[in-house]
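These are my notebook entries on a structure that I had not examined before. I set down what I looked up, entry by entry.

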Amino acid sequence: MIRAQMEYGALSSKVHALYGKRLRLADFEHMASLRTEAELSEYLRSHPAWSACAARLAGGVYIGRVELELALWDQFRTDYRKLLHFIPRADKALFSFPILLQEQRAILSTLRRLKAGHPLSPLPRSILHSTLDLQALASCTDFDGLTAAARDTIYAPALRRLRPAQAGTLPDYTGAETLLRSTYFSHMYHIIHKCYRGETKSVLLRSYGEQIDWFNLIHILRLKTYFPGQSDYLPVLFPFNYRLRPEMIRALCAAPDLSSARELLRDTPYAAGLSSSGVEELEDAFRRAFYTFNRRQLTHGTPSIYTAMAYLNLKDLELHALVSLIESVKYGVPYDTSLARLFG
């Protein structure tokens with residue numbers, strides 16, 4: 001504990017200072033009553049967690065959903081840069097995880113664009129310290145161009161594997177998404193096993209392991225619900241496991257229907273989170289579990305690199321709750337508070 005405080009005490013203090021500025025449920029409830037994006041921007045300018053990014057939208061600049069969302073992502077990157085100053089050199093590779101995730105999202109967004117037949121797209125928002133060629137990504141018109149834009153990223157080998165044999169065609173999107181996400185998890189696992197020991201390694205493995213378990217559960221139960229005749233689950237599952245052992249995954253896949261699969265889950269650590277949720281609410285159950293784990297690690301865990309990672313995971317959830325709220329105000333639809341309730 002003393003060594004952890006010496007190595008990560010300053011980082012932990014900075015994280016707790018940033019976390020203390022977070023939005024609460026009352027903030028979301030108030031913003032949900034606002035009528036325009038401009039009113040949302042004005043409220044965020046008065047809030048310490050988001051004031052810097054919202055202030056950039058002042059001065060007569062048109063404020064719409066896109067402008068607000070871009071500003072929010074800028075704030076996320078600002079917080080990342082603030083924490084980066086406190087990260088020990090040995091932890092830099094692990095702490096690149098938000099960069100890798102943003103690269104993955106940009107690549108998949110481009111694949112969706114190509115599949116929709118849109119030849120060009122606006123330049124993606126900048127990604128701090130990224131090796132992804134964003135200019136080439138925005139202007140590419142085929143899969144070879146996409147692969148070339150990502151040639152210096154961890155996703156390059158996976159994209160080369162996905163390249164269709166027939167020129168001018170595109171790979172299956174679901175298969176591409178699964179492979180790229182598997183590439184990310186494999187990369188992170190390699191760093192964890194190579195560089196970490198003891199309690200920190202256990203926390204890291206639990207964080208990634210439970211995420212993968214939840215994603216696999218969501219995929220299986222969705223297929224049981226919407227594609228009951230599906231028999232081949234492997235293309236959408238991640239080849240890793242944590243608390244859901246391979247034999248349980250095989251049993252879930254072999255279950256004849258959704259009810260049978262749910263019955264099998266009664267004997268797993270995820271039963272409580274799924275007991276009262278319909279399949280459409282699985283992602284809410286995952287987010288609750290993910291939020292609870294990360295908040296516990298931030299507030300009560302031994303200071304480590306995961307203290308900063310937990311903060312960024314929580315900030316990402318907060319950002320997505322804000323984006324959802326912005327969309328509800330933009331289109332005049334009721335705001336779903338399921339995500340915002342996490343911040344009560």
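**Entry 1: the model.** I noted that this is a predicted model, in which local features need pLDDT of at least 70 and side-chain atom pairs count only at pLDDT 80 or more, while totals for chains, interfaces and linings use all residues. Residues are numbered from 1 along each chain as its sequence is written, and side-chain values use heavy atoms, with hydrogens and water left out.

**Entry 2: the fold.** I looked up the secondary structure, taking helices (H or I, at least four residues) and strands (E, at least two) as DSSP runs numbered from the N terminus. The protein chain has 16 helices and zero strands. Its radius of gyration, taken over C-alpha atoms, was set against the globule rule, 2.2 Å times the number of residues to the power 0.38. The value is 21 Å, close to the 20 Å that the rule gives for 344 residues, so the chain is as compact as a globular protein of that length. Along the principal axes, the C-alpha atoms fill a box of roughly 55 × 55 × 45 Å.

**Entry 3: burial and contacts.** I found that 50% of the 344 residues in the protein chain are buried. For contacts I used heavy atoms within 4.5 Å. Of the contacts between residues at least 6 apart in sequence, 67% join residues at least 24 apart.

Entry 4: I then turned to Thr-110, which lies in helix 6 (residues 97-115). Its relative accessibility is 5%, and Thr-110 therefore counts as buried. Neighbours within four places in sequence aside, Thr-110 is in contact with Leu-137, Cys-140 and Leu-146.

**Entry 5: salt bridges.** Side chains of opposite charge can pair when their charged atoms come close. I counted a salt bridge where a side-chain nitrogen of Lys or Arg is within 4 Å of a carboxyl oxygen of Asp or Glu. How many salt bridges does this rule give? The count comes to twelve.

**Entry 6: Arg-45 and Glu-42.** I looked up this salt bridge and found a distance of 2.2 Å, N to O. The two residues are three apart in helix 3 (residues 37-45), which means that about one helical turn separates them. Arg-45 is partly exposed at 26% relative accessible area, and Glu-42 is partly exposed at 46%.

**Entry 7: Arg-163 and Asp-144.** This pair forms a salt bridge at 2.7 Å, N to O. The pair links distant parts of the chain, 19 residues apart: Arg-163 is in the loop between helix 9 (156-162) and helix 10 (173-195), and Asp-144 is in helix 8 (residues 143-149). I recorded both as partly exposed, Arg-163 at 45% relative accessibility and Asp-144 at 39%.

Entry 8: Is Asp-284 buried or exposed? Asp-284 is buried, with a relative accessible area of 18%, whereas Arg-287 is partly exposed at 23%. Their side chains meet in a salt bridge of 2.5 Å, N to O. In helix 15 (residues 282-300) they stand three residues apart, and so about one helical turn separates them. I noted finally that Asp-284 and Arg-287 belong to a network of salt bridges with Arg-222 and Glu-283.

Terms used
Buried < 20%, exposed > 50% of the residue type's maximum accessible area, 1.4 Å probe, protein only.
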